Amino acid sequence: MNARVEKLRTARVKIASFAPYFASGLYSMPLIEDKRCPTMGVDERWRCYYNPDEVDKWSLEEVCGVLLHELFHLMREHAARARSISADPERWGLGSDAEINNDIDEIGGMGPSGSRVPTAWARLPEGCMYPETFGLPRNLLAEVYYQKIKVLKISLELPSYGGSGGDGVKRPWELGGRDKDNPGLEEVERKLVIRDMAEKLIKAAAAGTAPGSMARWAQEVLKPPKVDWRREVAAVVRGCISHVAGCWDYSYHRASRRQSAYDPF
């Protein structure tokens with residue numbers, strides 16, 4: 001095993017020890033080396049691509065930060081959200097980074113007991129985007145940052161970093177579909193992993209070992225879907241009426257061929 005692979009594996013172990021609620025997601029991301037990838041990025045099937053030269057430059061703490069950064073893109077389903085508003089990938093990348101990078105700083109300074117640590121165990125490399133980079137407040141959604149960044153008319157020569165897991169745009173180095181060696185996760189599997197992390201985050205936040213911003217995300221994930229109770233009640237009533245019609249009330253409907261089996265009830 002070379003030193004680079006050892007650094008990546010050590011980073012995953014370190015994250016899992018300081019923030020165990022991310023372990024299931026972290027170990028669902030197969031690590032794939034590819035020099036065409038500028039830094040590190042993930043595709044929508046949760047495969048993580050990395051440039052070996054960049055990983056060699058980063059410290060162990062920076063590798064932890066970048067791995068968390070990519071995991072957060074997947075957790076927050078940034079690709080699907082970008083498609084839902086037909087977002088420009090470059091500006092969306094800035095907005096989605098601004099949404100998640102503050103959380104990485106907060107988590108990286110928190111010990112496994114919830115106490116602050118003297119030296120961050122996870123941090124991002126120089127040049128990463130924060131809300132303050134654009135003069136914007138913290139704790140907003142990527143969609144809000146995206147719209148505000150568009151209004152600011154920021155003109156940047158942005159490289160094709162990241163991956164389709166962050167904006168839905170496939171990169172040349174990404175594997176297609178269910179690759180034989182690295183099939184990635186299906187949609188149902190991805191949902192289950194996200195839900196598992198959300199459940200563990202809620203418990204960790206209650207114990208004071210996870211930041212409140214992540215707990216709010218977890219609560220949104222676990223929130224039951226809204227159901228129109230009027231529609232549901234109407235459907236049940238219609239079903240009951242159609243079920244009993246012709247059984248005991250006079251009707252011109254054709255009698256059920258099984259009706260004689262219920263005689264004399």
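Just after helix H4, Glu 77 takes a positive phi of about 50°, helices here being DSSP runs of H or I with at least four residues, and strands runs of E with at least two, numbered from the N terminus. The model is a predicted one, in which local features need pLDDT of at least 70 and side-chain atom pairs count only at pLDDT 80 or more, whereas totals for chains, interfaces and linings use all residues. Residues are numbered from 1 along each chain as its sequence is written, and side-chain values use heavy atoms, with hydrogens and water left out.

Helix H4 itself covers residues 60-75, and its 16 residues reach 22 Å from the first C-alpha to the last, close to the 22 Å expected at 1.5 Å a residue, where the expected span is 1.5 Å times one less than the number of residues. H4 is mostly covered, with 15 of its 16 residues buried; buried means under 20% relative accessible area, exposed means over 50%, and partly exposed lies in between, with a 1.4 Å probe and protein chains only.

In the protein as a whole there are 11 helices and three strands, which follow the pattern α-α-β-β-β-α-α-α-α-α-α-α-α-α when read along the sequence. Of the 265 residues, 42% count as buried, and the accessible surface comes to about 15,200 Å², of which 55% belongs to carbon and sulfur atoms; these areas come from the Shrake-Rupley method with a 1.4 Å probe, and for residues only the protein chains shown count as cover. Among contacts with a separation of 6 or more, 66% are accounted for by residues 24 or more positions apart, a contact meaning heavy atoms within 4.5 Å.

Ile 15 is found in helix H1, which spans residues 3-18, and counts as buried because its relative accessibility is 0%. Leaving aside neighbours within four places in sequence, Ile 15 is in contact with Pro 20, Leu 26, Cys 64, Leu 67, Leu 68 and Trp 121. The C-alpha atoms of Ile 15 and Pro 112, although 97 residues apart along the chain, are separated by 10.0 Å.

Ile 107 lies in helix H6 (residues 89-108) and, at 1% relative accessibility, therefore counts as buried. Between the C-alpha atoms of Ile 107 and Ala 122, 15 residues apart along the chain, the separation is 7.6 Å. Ser 213, placed in helix H10, has a relative accessible area of 11% and so is buried; not counting residues up to four places away in sequence, Ser 213 touches Asp 103 and Glu 106.

The second largest pocket holds about 610 Å³ of space. Of the 20 residues that line this pocket, the closest to its centre are Arg 76, Arg 81, Leu 141, Trp 217 and Glu 220. On a 1 Å grid over the protein atoms alone, a pocket is an open set of points where a 1.4 Å probe fits, with protein on both sides within 12 Å along at least five of seven lines, and lining residues have an atom within 4 Å of a point. Grid points are joined across faces, edges and corners, and the volume is the space filled by probe spheres set on the points. H6, helix H9 (187-206) and helix H10 (212-222) each supply at least two residues of the lining, and H10 gives the most, with five. By class, the lining has eight nonpolar, three polar and nine charged residues, where Ala, Val, Leu, Ile, Met, Phe, Trp, Tyr, Cys and Pro count as nonpolar, Asp, Glu, Lys and Arg as charged, and the others, Gly among them, as polar.
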